[in-house]
Structure formats: C-alpha cells, structure tokens
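Trainee: Before we look at the model together, could you show me how to read its features one at a time, with the general idea before the particular case?

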Amino acid sequence: MTNELQPVRGTRDLIGEDQRRHHHVVETARRVAAGYGFDEWTTPIFETTAVFARTLGETSDVVTKEMYTFQDRGGDSVTLRPEGTAGVCRALVSNGLTQSLPQKVFYAGPMFRYERPQKGRYRQFHQIGIELIGPSEPLADAEVIACGWHIIDALGIAASTVLEVNTLGDRESRQAYRDALIGYFTARKDRLSEDSLMRLDRNPLRILDSKDAGDRAIVAEAPTIAAYLTPEAAAFYDTLRRHLDRFGVPFRENPRIVRGLDYYGHTAFEFVTDALGAQGTVMGGGRYDGLVAEMGGPHTPAVGWAAGIERLAMLLHEAPSVPGTVAVVPVNEQAEPAAIDALQQLRRAGIRAEMAYRGNMRRRMERANRIGARAAVILGPDDIAQGVAQVKDLVSGTQEPVSLDALADRLK
RNA sequence: GCGGGCGUAGCUCAGAUGGUAGAGCGCCAGGUUGUGGUCUUGGAUGCCGUGGGUUCGAGUCCCAUCGCUCGCCCCA
C-alpha cells in the first residue's frame, strides 16, 4: 500500500462494528441529555485561532505544539477545534445568548489534537459534551454530573467506571493551596523525579498526578486542599456532595484531581476506568466560571463535561447488533419486477429490505444468509401466478406462502 | 520530542542453523437450473513495508528509512 492511500497518522475510519459502537454512544448520550433539558448545538469544527489561544494561554504547550493551526487563503489563522467548550462559549457570546440564561447545551463531533497516538488517543477523535451556562449554584454541578452518570449507566458501563470528585475551591483557596504545595514539594525536591522538578517550576499541581512511583509516595503525604478552603468554598463542596447523594450518583472523593487553567474553580470530576491502559479518563469536567469572561463576554458561571466517544465505545461490552433485514429473492430474472414491487412495499412500511443485484436463486439465498437476514421473501413464476410469495423464516427454516398484499403486515 | 514491541495473502498468523513462500478463516466456482446455514471438490491471491548492503543465493543477516502499536512527556 502506498503512503498516499494510508490514513493520516492518528486518524481512522469508522466502518461496520466501529461505526455502530460510535453511533450507539452518541445516540444514547443525545437521548439522555435531552431528558435533562439539554438542546443540541452544532458549532464549526474550526474557529479563529484566538478563540482557543486566548482561553488556553498564548504560550502554553497545548497552544504552541498541540493544536492544528493553519493560515487560510485570506491569511487568517484558524484552528481545528481541540475541544468543544470554547466554541460553545464563543457561540453563546456571538449569538447574544448571555441575555438568555440558563443555556443547556449538548454537542457531539470531531476534535483535533496534534499528539502522538496511543491506545484511546487519536489526532482526530470525537467527543460528546454538555455545558450548563448561567447558574452558579452547586445544584447545577450535581445535575450535570448526574446526567453524565446517567449516560454511562445507560451505556451499560457503570460497573467498569468510577466517578471521582474533587473541589478546586475558589480563587483565594486555590492560591493558598498552591503556595502550600510549592512549599511542601520544594522541601522534598531532592527526592522528586526529573519530570516533577520541571513541573514544580511550571505547573506544580501536576505533580499530584505524576505516574512516577517515587513521586507518588511523596504525593501521598502531600497536603490536600481541604485545609485551605475558604468557608464559602467548603460550603459549596458540602452542598455538591449532598446533592450527588440525593441524585443517587455514587462517587468517590479524589483530592488529587487537578485542572491546569485559571478559569476553573470549585467542582472538578472525572469518570475513570482501568480498562483502557494509560488513558484512564473517560469523561471529565467541572466548573469554569471564568471562561466566558476571558473570551470577552460578561462574567457568566458555567459547568460542564466532555467525554471521549472512542473510549466509551471501547468500554461497550458488545457491539450493537446489525438491524435485521428481509431479503427478497426472485427465483429467476422473470420474477424480478414482482420482486421489486415486494421490496418497495416492505420499505414503504418501514421494514428494512434488500435484494441482491445478480445471481441465481441459490446465490441469492447464500447472500441472504451472509448478511444475517431474518427472513427471505421468495418469488417464482408459480407464486406470482397465485398472487403469493414464499416467506421463509431464516432462523427457524420454516416457510409458508403469504398473499402479496399482506407481505408488509406479515413481516412487521 | 523520548523509549519498548511489531510489519509475510483480504483477515489472523507460521516460516531452526540463509536454498527461491505456507496454514486457517474469508473470497470465487462446481457438487445442487425453486431454497441459505452443514458437508464436499476445485480455484485465485503476495514488489515477505521501502531503499541499500553482505552473499553464488536474503522473508531470514547488517544499515537506513517509513508505517503500525504500547508506554513516557503533555492532557484544554
């Protein structure tokens, strides 16, 4: 196979079972989110680069190294969206919807990140997500999490995931905690891994989720944010946990969940699994009260999550089955016109029906079997003369004549 | 950007010490011109990832390169 015919690194085709799994995840999420009152938005898959760069910090690694950024023919810098939230917030502001809160948004679609592919990690991947924009009450956070849990449960994978919840506190809490962590890790810098020494400089909170065994021992003794929460932040977190219990959502507290950017505060959560190798997070989210303002809109509280469709699809225990079809089988070429009539009668009645394009009867029966048809409608000259078709149940093997105008009713 | 593993038929894979490429599944056709699944007979299929080197001779050894994969880093 030549290079040119290979898919670009980190992209892949969704065909057959892959596509069915993908589709099932999206449809399930769409249905459950609709039940919580979320409306679907479709925003462009590329935006002006500033939409992402501004919210991510102009010089961070993710902006400089991991975004698909291009100049278009007019010379403008555009970027394939690396995540969904920024575009939704831009659309909120562009459409003047900051005056019509709350907004409850569901989205699904492709995202793009220039990363080294590995298990559960692609350059073009797909996410579903919801954003609840407007409310600042922890009830909103609880509802958003409940919706996510509900989707995971509806997909039948609740047993293989765990919901972990944490609070990042308010700005004051975060600053105090950050200072405390820097003090703690600096006092132990001779025992930190090389990677974590870098983190101490650039992003000390990330030491908390280091994979290095030595680091983890140090992290286990590190202070948690609980002692540094302001009374307001502590009350917010208490209320959230109480609501989660009320919503019936099982969770575990994990004080090591962190977020890298300043606009995050209070709630942070992840649904994690150990079934996907190094990519343990299946759904992640939290409260981002500062984001809309950073994009140039009015201060607008918001909370949401995003989930990787590929990762959810991999967790599905079995692939959604192919829909049963009815195979129409003309015995010979002379029977084809009558077969076409039967075919269209079934389709108009909403029954999935197919007819092979060539081959003798035997071939067409083999084909019917291969595509997993549930029944065959067999039409030969004798049948047509009598105004019937032979309807054969391909599972049981039983066959009986059915009046031509009763086919759809019989095969419903 | 860094490290491990792997590239042989459509798919999964076998090919000791170098001797001119195989199996299973799938596919096509016959046994069966109005009946699928099971059975049976026959058939097609390969730039052995690519380029170079060593050799009388390379799928096999050496070098390079590309790709896939798992992990590190990063994770909005």
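Trainee: What span is expected for helix 9, and what does it reach from its first C-alpha to its last?

Mentor: Helices (H or I, at least four residues) and strands (E, at least two) are DSSP runs numbered from the N terminus, and the expected span of a helix is 1.5 Å times one less than its number of residues. Helix 9, residues 231-247, has 17 residues and reaches 24 Å, close to the 24 Å expected. This is a predicted model, in which local features need pLDDT of at least 70 and side-chain atom pairs count only at pLDDT 80 or more, while totals for chains, interfaces and linings use all residues. Residues are numbered from 1 along each chain as its sequence is written, chains are lettered from A and ligands numbered from 1 in the order in which they are written, and side-chain values use heavy atoms, with hydrogens and water left out.

Trainee: Which residues of helix 9 are buried, and which exposed residues does the face turned away from them carry?

Mentor: Buried means under 20% relative accessible area, exposed over 50%, and partly exposed in between, with a 1.4 Å probe and protein chains only. In helix 9 the buried residues are Ala-233, Phe-236, Tyr-237, Thr-239, Leu-240 and Leu-244. Because these buried residues fall within an arc of 160° seen down the axis, they line one face of helix 9; the arc is that of the directions from the helix axis to the C-beta atoms. The face turned away from the buried side carries the exposed residues Pro-231, Arg-242, Asp-245 and Arg-246.

Trainee: What do the buried residues of helix 9 pack against?

Mentor: Contact means heavy atoms within 4.5 Å, and the partners of the buried residues of helix 9 include helix 5, helix 6 (171-186) and strand 9 (265-272). Just after helix 9, Gly-248 takes a positive phi of about 80°.

Trainee: Which residues of helix 12 are buried, and where do they lie around the axis?

Mentor: The buried residues of helix 12 are Ala-338, Ala-339, Ala-342, Leu-343, Gln-345 and Leu-346. They cover an arc of only 165° around the axis, which puts them on the same side of helix 12. Asp-341 and Arg-348 are the exposed residues on the face turned away from that buried side, and Gly-350, which follows helix 12, has a positive phi near 85°.

Trainee: In what order do the strands of the open sheet lie?

Mentor: Two strands pair if DSSP finds at least two bridges between them. Here three strands form an open sheet in the order 2-4-3, with antiparallel pairing. The edge strands, strand 2 (46-48) and strand 3 (68-71), each pair on one side only. Strand 3 is joined to strand 4 (residues 77-80) by four bridges, and Phe-70 stands opposite Val-78 in strand 4.

Trainee: Which residues touch the most other members of the largest nonpolar core?

Mentor: A nonpolar core is a set of buried Ala, Val, Leu, Ile, Met, Phe, Trp, Tyr and Cys residues joined through side-chain atoms within 4.5 Å. The largest such core has 40 residues, of which Ile-128, Trp-305 and Leu-312 touch the most other members. Its largest share, eight residues, comes from helix 5 (residues 138-154). Not counting residues up to four places away in sequence, Leu-312 has among its contacts Val-25, Ile-128, Ile-152 and Val-282. A second, separate core of 29 residues includes Trp-41, Tyr-264, Leu-291 and Met-295.
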